[in-house]
Amino acid sequence: MDNRTKPKGRLCTLCNVNRAALKRPKTLEQICRECFYTVFEDEIHRVILDNHLFKPGERIAIGASGGKDSTVLAYVMSELNRRHNYGLDLFLLSVDEGITGYRDDSLETVKRNEIQYGLPLKVVSYSELYGWTMDEIVKLIGLKNNCTFCGVFRRQALDRGAALLKVDKLVTGHNADDIAETVLLNILRGDIARLSRCTSIITGEDGPIPRCKPFKYTYEKEIVMYAYFKKLDYFSTECIYSPNAYRGFAREFIKDLERLRPRAILDIIKSGEDFRISTSTKMPEQGTCERCGYISSQKWCKACVLLEGLNRGLPKLGIGQSRGINSERNTNMKQANGTQNLQSKQCGSLDF
C-alpha cells in the first residue's frame, strides 16, 4: 500500500490495514469495524461451543424485548446458526407486561425483527396469564415494589411461552454487565441461594426449560456498538416504571469500576464463579407449586403468592419473605376444605 492509498489516522491493531474506528471497551484495542464484527461474533461462537449450549436439531426460543441486547442476540444467533451450521430451529418469544407507552412500542420493534430475521414470533401477556397488567398493578401498589411483581411474573411468563413453543432451551440477552450486577446484588442482599447459581451460563436444568446466556462474557458497551455499526432496528427507551430500581444503583457502581479498570466486570463474574458455599448453609429444596405446578421451594410459588395478594386486595402480602405467607396460604386452604378460591386466577394456564 503506497502513501496515496494508505488510510489516514491510527491503523487497526488486528489487521493493520484499515483505519481504526473504535476502541474496544473490553480490551482497549484500537480496531476497525470489520475486525470488531469478527471478534465480537467469534467470541460468542466460542462461548457456545466451549459450554456446549446447544445440540443440532434443538428448538431454541430467543427472549425478545425489542431492546439492544435481545435484538443483537437474535441477529447474532441467526448469523451463527447459518454460518456454523448449528442446525437449530430459532423462535422469538416476547412478553407483553401491559405497560402503555413502553411495551406496546417495543413489541412493534420485535414484530419488525420477526420479518427482518425470518424468525417466528410468539407473544404471551400478563393479562392472559395472570388477569393483570403492569399498568393495573402499579395503579394499585405504586412504584415502590412494582419491579418485584414484574420480575417474578416475567420469568414465569417466559417459561410458559417457551412451553407453548415446545422448545428445548430458552436463550436470553443477559450480558457481562448484567451478571456482574447480579453478583453484587446477591452479596448485598445476602441471597446465598441465588449467589451460588447467578454466574452459571446454563440455569434451570432442574426446571421445565433450561436457560442459556450466550452473552455471559459480552460487554454491554460492545453490544451497543455492534447494534449501532450494524444499524440494527431496536427500541432504546427504558421502562417507565423502573427509574428507582435497586439494580440501577449496582449498575452505576459497575460503570464506575469499568471506567477505572475495564476488566473489573469479568473479574466480578470470575469471583462469583469461584464462591464456595459452606456445607453448613441450608439451601432451599426445589419442589413444585401446589397451585400451578411451577418450580418452587415453598408450597406456593412466588407468582401465586403475589397474585393471591393482588386478587384479595392485599398487594403487599407477597412482598418480602414468603415462608410465613405460604404458611398462611396453607391454613386458608385447609379452612376452605381443599376448595379453590374461584375469584382468583392461577398464575398461568399451563400445567407443568
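Modeller: The protein chain has 13 helices and ten strands. Helices (H or I, at least four residues) and strands (E, at least two) are DSSP runs, numbered from the N terminus. This is a predicted model, in which local features need pLDDT of at least 70 and side-chain atom pairs count only at pLDDT 80 or more, while totals for chains, interfaces and linings use all residues. Residues are numbered from 1 along each chain as its sequence is written, and side-chain values use heavy atoms, with hydrogens and water left out.

Biologist: What share of the 352 residues counts as buried?

Modeller: 48% of the 352 residues. Buried means under 20% relative accessible area, exposed over 50%, and partly exposed in between (1.4 Å probe, protein chains only).

Biologist: And the contacts, how many of them join residues at least 24 apart?

Modeller: Counting contacts between residues at least 6 apart in sequence, 70% join residues at least 24 apart. A contact here means heavy atoms within 4.5 Å.

Biologist: Let's go to the sheet. What is the strand order?

Modeller: The order is 5-4-3-6-8-7, in an open sheet of six strands with mixed pairing. Two strands pair if DSSP finds at least two bridges between them.

Biologist: Which strands stand at the edges?

Modeller: Strand 5 (121-125) and strand 7 (202-203). Each has a single partner strand, so one side of each is left without a neighbour in the sheet.

Biologist: Is strand 3 enclosed or open?

Modeller: Strand 3 is largely enclosed by the rest of the structure, because four of its five residues are buried. Strand 3 pairs with strand 4 in the parallel sense over five bridges, and three bridges join strand 3 to strand 6 (residues 169-171), also in parallel.

Biologist: What does Ala 61 stand opposite in strand 6?

Modeller: Leu 170. In strand 4, the bridge partner of Ala 61 is Phe 91.

Biologist: And what is the bridge partner of Leu 170 in strand 8?

Modeller: Arg 211. Strand 6 and strand 8 (residues 211-212) run parallel and are joined by two bridges.

Biologist: Which helix packs on the sheet?

Modeller: Helix 6 (residues 146-165) does, touching strand 3, strand 4, strand 5, strand 6 and strand 8. The direction of helix 6 makes about 140° with that of strand 4. Axes are lines fitted to C-alpha atoms, for helices over the stretch in contact, and angles run from 0 to 180 degrees between N-to-C directions.

Biologist: What does helix 2 make with strand 3 and strand 4?

Modeller: A right-handed β-α-β unit. Right-handed means that, with the strands pointing away from the viewer, the path from the first strand over the helix to the second runs clockwise.

Biologist: New topic. How many residues are in the largest nonpolar core?

Modeller: 41, and those with the most contacts inside it are Phe 54, Ile 62, Val 72 and Tyr 226. A nonpolar core is a set of buried Ala, Val, Leu, Ile, Met, Phe, Trp, Tyr and Cys residues joined through side-chain atoms within 4.5 Å.

Biologist: Which helix supplies the largest share?

Modeller: Helix 1, with eight residues. Among the other elements that each supply at least two residues are strand 3 (59-63), helix 2 (68-83) and helix 9 (220-229).

Biologist: What does Tyr 226 touch?

Modeller: Leaving out residues up to four places away in sequence, the contacts of Tyr 226 include Phe 36, Phe 40, Val 72 and Leu 232.
There is also a second, separate core of 37 residues, which includes Trp 132, Leu 170, Cys 292 and Cys 301.

Biologist: Now charges. How many salt bridges are there?

Modeller: A search of the whole structure finds 26. A salt bridge is a side-chain nitrogen of Lys or Arg within 4 Å of a carboxyl oxygen of Asp or Glu.
One of them joins Glu 79 and Arg 83 (3.7 Å, N to O). Both lie in helix 2, four residues apart, about one turn of the helix.

Biologist: Which parts does the pair of Glu 258 and Lys 221 tie together?

Modeller: Glu 258 lies in helix 10 (residues 246-260) and Lys 221 in helix 9, so the pair ties together parts that are 37 residues apart in sequence. Their side chains meet at 4.0 Å, N to O.

Biologist: Are those two buried or exposed?

Modeller: Glu 258 counts as buried, at 4% relative accessibility. Lys 221 counts as partly exposed, at 37%.
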